[in-house]
Amino acid sequence: MVVAYFVTSANGLSSHKAMSEYIRDQWSAEQGFPDGPVYAIAQTPDGYLWIGTEKGLVRFDGLNFSLLRPSDSGIFPAGPILSLAVDGEGNLWVRPRGPTLLRYREGKFSDVLADLKLQESEITAMCVGENGEILFSGLVNGTMRYSGGKFVTLASVSELPKLIISLAEAVDGKVWLGTKDAGLYYLNHGRVSAVSTGLPDTKVNSLLANRGEVWIGTDKGVVHWKGMGSSPAEASHVLDDIQGLVMIRDRDSNIWVGTPNGLTRIDARGNSSFDRRDNSSTGPVTSLFEDREGNLWMGTTRGIERLRESAFTTYSIAAGLPAEINGPVYVDPEGSTWAAASQGGLYRLRESRVRRVTNAGLDKDVVYSISGGQDGLWIGRREGLTHLQTKGGSFTTRTYTRADGLAQNAVYAVYQDREGTVWAGTLSGGLSSFRNGSFKTYTTANGLGSNSVASILQTSDGTMWFGTPNGLNEFANGQWRLYTSQNGMPPGTVNCLLQDSTGTLWIGTANGLGFLRSRVIHTLRDVPESLHEQIFGIEEDKTGSLWITTSHHVLRVDRDALSRDAVGEADWREYGLADGLASTQGVKRYRSVASDSIGRIWISMYRGLSVVDPRPMTRTSAPALVHVEEISADGRPMNVVQGVRIPAPHQRIILKYVGLSLSIPARVRFKFRLDGFDPGWSEPTAAREAMYTNLDSGSYRFRVIASNSDGVWNGSESTLEFKIEPVFWQTWWFRLTSILLIGLVILTFFRLRVLGLTKQMNIRFEERLAERTRIAQELHDTLLQGCLSASMQLHVANDRLTADSPAKPLVSRVLELMSHVVAEGRNSVQGLRSSKSSLPDLENAFSQIRHEFPVQSQISFRVIVEGTPRLLRSVIRDEVYLIGHEALSNAFRHAQASEIEVEIEYAASHLRVLIRDNGGGIDTQVLRSGREGHWGLSGMKERTERIGGKLRVLSSAVAGTEVELSVPGNIAFELRPGNRPAGWLSRLYKKRENAEKSGSGRAR
């Protein structure tokens, strides 16, 4: 036996119901339960149900059983578990057979006797004390209390009777001891006393201390000793000749007794109820437990059973109803419920007793609708309109037909308004009103939308409303008005009408729900999909909710949220078989849903007549307790601890979780999210696992919440933090190395490309040099030699002329010109054959140019050098000098400037030469296309292009002229040893340079 209580606001089992009205579920070997007797049941604060069986300890989450085996814990014994208890700290105490006492704490089992080095042959009884501490009785150490981490002896073996099999502690501190064959004892302030009288038997199977009272279960009866100064001899024999095997007290003070023949309930008033079921398939009740949600669990010799409260109580053929399929329902002012079977017959249900009505053939005729008032019932039937009155215990009836002025005998909808007028809507003959003994008929000719009337209602302002296949009719002050789909009505027959407490008129049609407010029809769109089905019935309860039946659903919806057309997840709930309904299919009859004077809702269903009390549903239900139970990577399970590290590589991570709400676990829904990956919470799902594929390395936090069996999301979330370790290519050092290697490859490619371009430039320069040498040779060997030969011949001729010869001056003049031509030819040939190896650095070379123009000595001229001068390639140096020489020559000769400046910049990336003057500038046309017959400017541009440079010429009549030449550094400068890369890259450069030098040698 075990006693453990959870303080929650959940409802327990109602003592007002017959035990057969509870919903009962069973688990045996066929449902996955380990076969064999059940000795104890307990529940830990985490929500798991623990079951002590013949085969060992079982953990149950509502859907799955897990049998703990000795291999799961080195100290866990094989064999039966005889008793379970949960102490005030939430620890689970397990009493197996033999010298072992286990405690389950923070996910681990420990043997408390072994840890405290306490020798004990066997613990024979165990219970939870009043302060939450555990009490034990053993064969060696007597009766003890576990307090403050140690055992405290209450009575030694020598002071106690033999073989104590039951224990209980009362609020006054007395410890009651039940023995196997020596009767009842109690321990008070260290003194053991025997109870010698008042017991029907000496074997005390179970004890229950209840607020100063003691319940004693023996083999021959159950005794209730009220205490408070009375003696045990004055105890009342509540259940005589019944073997009380186990007892518990629930949260509503009901006492439950397990017997070999089933279950017995004793309510707070002392009334006993017996379970009349056939228990041959389950055997005796050997253990009892009430969980935190108010469910009652029973252990039997073949498995476990659960008794739980149902939202609905359903009356069917077993309760005396004439048929399963029902029709209209009506609750009269006296509290009697009237209902009709769909195939015929009328009956009254009062105080759970059913009475058939046989007057006026009502037991054989089909009843379509029921209404009434203080003067009795009005019944619409296939054969007319019947007025039924109750006088004493008998019924009197009078039936009106077409012969009495009724529009048609088949009355489908009947309604009695506040003035006493009875309105009868027929299947196809129109509408009749009955007042002061006479009928008045209305049809389409009078303004009625259809001669078939399906529903009738009078609103608080006295207006009459009639639902027809063609829409909704309003009748007030003798005037008719029709609302159709053109006015916003959902299409189809208006099956039911309801005016709620706020004055809103709700309209249930064949195609969904709508409402009318201030004479305006509103169609609902943002509502559960089931509300777009055919609506059969609507009723309002006293909590502000609407109960609605459709062709396939039973729903409870918040009225205000529905009228706003904004029904959220928490605003509605759907009910099913698990809630006590025998069917979720409504019936198409006028007034198939009704309320009684105490607020209960009666619903006529396809199977049975169901009733629900909405008031207890407003209490907060116990939340679902959610846990992450397992995490695995590619099928490899990991330890479920915070910060678990998942090694690489991985492709699929699965997290399994459970939501503990034991009433209806199949209804539990989950939402989850993975921080660091998911943008938000998932949609509600019944799946109990989440799978992620190809997650990046890093830290993650998995969060999951659950709704309970009532669909309420009122529980806390469960979290699990884990870290995915990176594969080597995701590590920081690999990424850094990769970046460096990529950078090195790019740099190498760039340098190789530069070297390739440089080699191409050198080849071009060598080709140009070779071509200039060839031209120089040819000029020297042909033109220059020819001029020299002609000059020599002319000298000979001149020597032969007399001094006074008239040709002498002319020949001398020709010789001077030829001498000048030969001199200039030699200079040109010398310039073509080689670079100006004797040319000084650019600074000095440009500085000497002004000496070529001595007449311009009044001009201010200077050369500026920025940066550290670097060795230039010879060809580049010659071309730069010639371009600069041309620019300076133009400045000295034509600019008429007073200042000329040369700026030479040696930068790492380029060589820049800037020549500027403050003269009159160059004509725009000349700057754009050059001067005819002059090649200075175009020659400068051509030379610049040949060396891969850029030339920019800016000129203004006010600011003067500015010529800027820029050559990339890799082209202009010789490669210095200090700039060469080390290692294999340096060797690569060296090989390329050697190849270039050998190529240059061959070109010369």
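Strand 10 and strand 11 (residues 134-138) are paired in the antiparallel sense through five bridges; strands are DSSP runs of E with at least two residues, helices runs of H or I with at least four, both numbered from the N terminus, and two strands pair if DSSP finds at least two bridges between them. The model is predicted, so that local features need pLDDT of at least 70 and side-chain atom pairs count only at pLDDT 80 or more, while totals for chains, interfaces and linings use all residues. Residues are numbered from 1 along each chain as its sequence is written, and side-chain values use heavy atoms, with hydrogens and water left out.

Cys127 lies opposite Leu135 of strand 11. Strand 10 (residues 123-128) is largely enclosed by the rest of the structure, because five of its six residues are buried (under 20% relative accessible area; exposed is over 50%, partly exposed in between; 1.4 Å probe, protein chains only).

An open sheet with antiparallel pairing is formed by four strands in the order 14-15-16-17. Strand 14 (164-169) and strand 17 (191-195) are at the edges with a single partner strand each, so one side of each has no neighbour in the sheet. Strand 16 (residues 184-188) and strand 17 run antiparallel and are joined by five bridges; Tyr185 has Ala194 in strand 17 as its bridge partner.

Leu740 is located in helix 3 (residues 732-800) and counts as exposed, because its relative accessibility is 57%.
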